[in-house]
Amino acid sequence: MKLTERVFSGMQPTGSLHLGNYLGAMVQWIEMQKTHECIYCVVDLHAITVWQDPKELKQAIRQVTAAYIASGLDPKTSILFNQSQVAAHAELAWIFNCVARLGWLNRMTQFKEKAGKDREAASVGLYAYPNLMAADILAYRATHVPVGEDQKQHLELARDIAQKFNNDFRAEIEAKGYNDGAFFPQPEPVITGPATRVMSLRDGTKKMSKSDPSDLSRINLTDDADTIARKIQKAKTDPEPLPTEEAGLAARPEADNLIGIYAALAGKTKAAVVAEFGGQQFSGFKKALAEVAVQRLGPIGDEIRRLTADPAEIDRVLADGSARARAIAAPIMDEVKDIVGFIRS
Ligand code: TYM
């Protein structure tokens, strides 16, 4: 990838980050810092699409920021900030509300899952959520978006929005000197983390998620060594020993998930892990898994605790990142306003 490319991604501050966030997205974010200009956002505007207690939200924003830094993001190299401090996100989201079609949003599976049976009671924000996500990315004209697999459909929508905006305003965009008519790029999903879909420890057919009521379903980045070991020990399994070939994982979602987690944490392939533990009982394998998990995540948890003890310093990082983000988004928003036909002074 060329250096002119720009990376944008974000995570919601709704509770602690978990192993799925880490293996699905964060590891890739850290990698991309080495080659790209990266903008990493704590998406607090997205968080309030479902009710958030204001005091807890503040804590969660700081905690997620601390988790970003503790995991290996460098606030000097990359831009780390919270979404609500940069007005461009909400402004561009409104314009995209007027570009995206109802039919497109009606197809979003995440809305259907999150709204559940009582759709009438869901917030309008939850419905329009993917438009805000498109605005997050395109306010910086970002080209690459590292995410887990569950965000793929939202990114396809962001691409459709970029394309429709470029088509709808073709004449104005060309008049601005964009001869190829492409004001917004088509942002590319980068779904290449070591485990792009980590499943719940209680049910191998469900995604590991912050909103699962059972804390035993996920490993949080803030869990201490004992908690990590206990959750792995209690993780659901089936009665068979581990398979001796990777193909044997096909109809065994829990075994597949635990082997996948081990492989991702240890930097090995699933085939190599199966070769190592094939034929053994889960009990021994779980001990080995707990060991690699504690080794990898323990220091991150310690660092999160150290950083959150100084909230003023975290707020300074966010203020600095927000100012740098604003500086990139402002000229882009000026052009968007010209293109749409607004008057600005
Ligand atoms: P969020 O906060 O649900 O998740 C943050 C990131 O973690 C990934 N992820 C997972 N990966 C693998 N296995 C899992 N079980 C798992 N759970 C979560 C997600 O795919 C994501 O990459 N809408 C986004 C946040 C967002 C965003 C954006 C992302 C807002 N604006 C712009 C990219 C670009 C979300 O709710 O992620």
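## Around the ligand

Among the 28 residues around the ligand, those that come nearest are Tyr129, Asp136, Gly148, Asp150 and Val198. The model is predicted, and the distances below are computed from it.

## Helices H7 and H8

Helix H7 covers residues 124-138 and helix H8 covers residues 152-168; their axes come within 9 Å and cross at roughly 70°. Angles from 65 to 115 degrees count as roughly perpendicular, so H7 is roughly perpendicular to H8. The crossing of these two helices is right-handed.

On the H7 side, the contact is made by Tyr129, Pro130, Asn131, Met133, Ala134, Ile137 and Leu138. On the H8 side, the residues are His154, Leu155, Leu157, Ala158, Ile161 and Ala162. By class, the contact of H7 with H8 has 11 nonpolar residues, two polar ones and no charged ones. Tyr129 belongs to this contact and is also one of the residues that come nearest to the ligand.

## Helices H10 and H13

Helix H10 (residues 225-234) and helix H13 (residues 282-308) have axes that come within 9 Å and cross at roughly 145°. Their crossing is right-handed.

H10 contributes Ala225, Ile228, Ala229, Ile232, Gln233 and Lys234 to the contact. H13 contributes Lys286, Leu289, Ala290, Ala293, Val294 and Leu297. The residues of this contact divide into nine nonpolar, one polar and two charged.

## Helices H11 and H12

The axes of helix H11 (residues 253-266) and helix H12 (residues 270-277) also come within 9 Å, and they cross at roughly 110°. H11 and H12 are therefore roughly perpendicular to each other.

In H11, the residues of the contact are Asp256, Ile259, Gly260, Tyr262 and Ala263. They meet Lys270, Val273, Val274, Glu276 and Phe277 of H12. Sorted by class, the contact of H11 with H12 holds six nonpolar residues, one polar residue and three charged residues.

Definitions and conventions: Residues numbered from 1 in each chain as written. Predicted model: local features only at pLDDT ≥ 70, side-chain atom pairs only at ≥ 80, totals over all residues. Heavy atoms only, no water. Axes fitted to C-alpha atoms, helices over the stretch in contact; angles between N-to-C directions. Helix = DSSP H or I, 4+ residues; strand = E, 2+ residues; numbered from the N terminus. Parallel < 35°, antiparallel > 145°, perpendicular 65-115°, else oblique. Left-handed = near helix turned anticlockwise from the far one by under 90°. Contact = heavy atoms within 4.5 Å. Nonpolar A, V, L, I, M, F, W, Y, C, P; charged D, E, K, R; others polar. Near = heavy atom within 4 Å.
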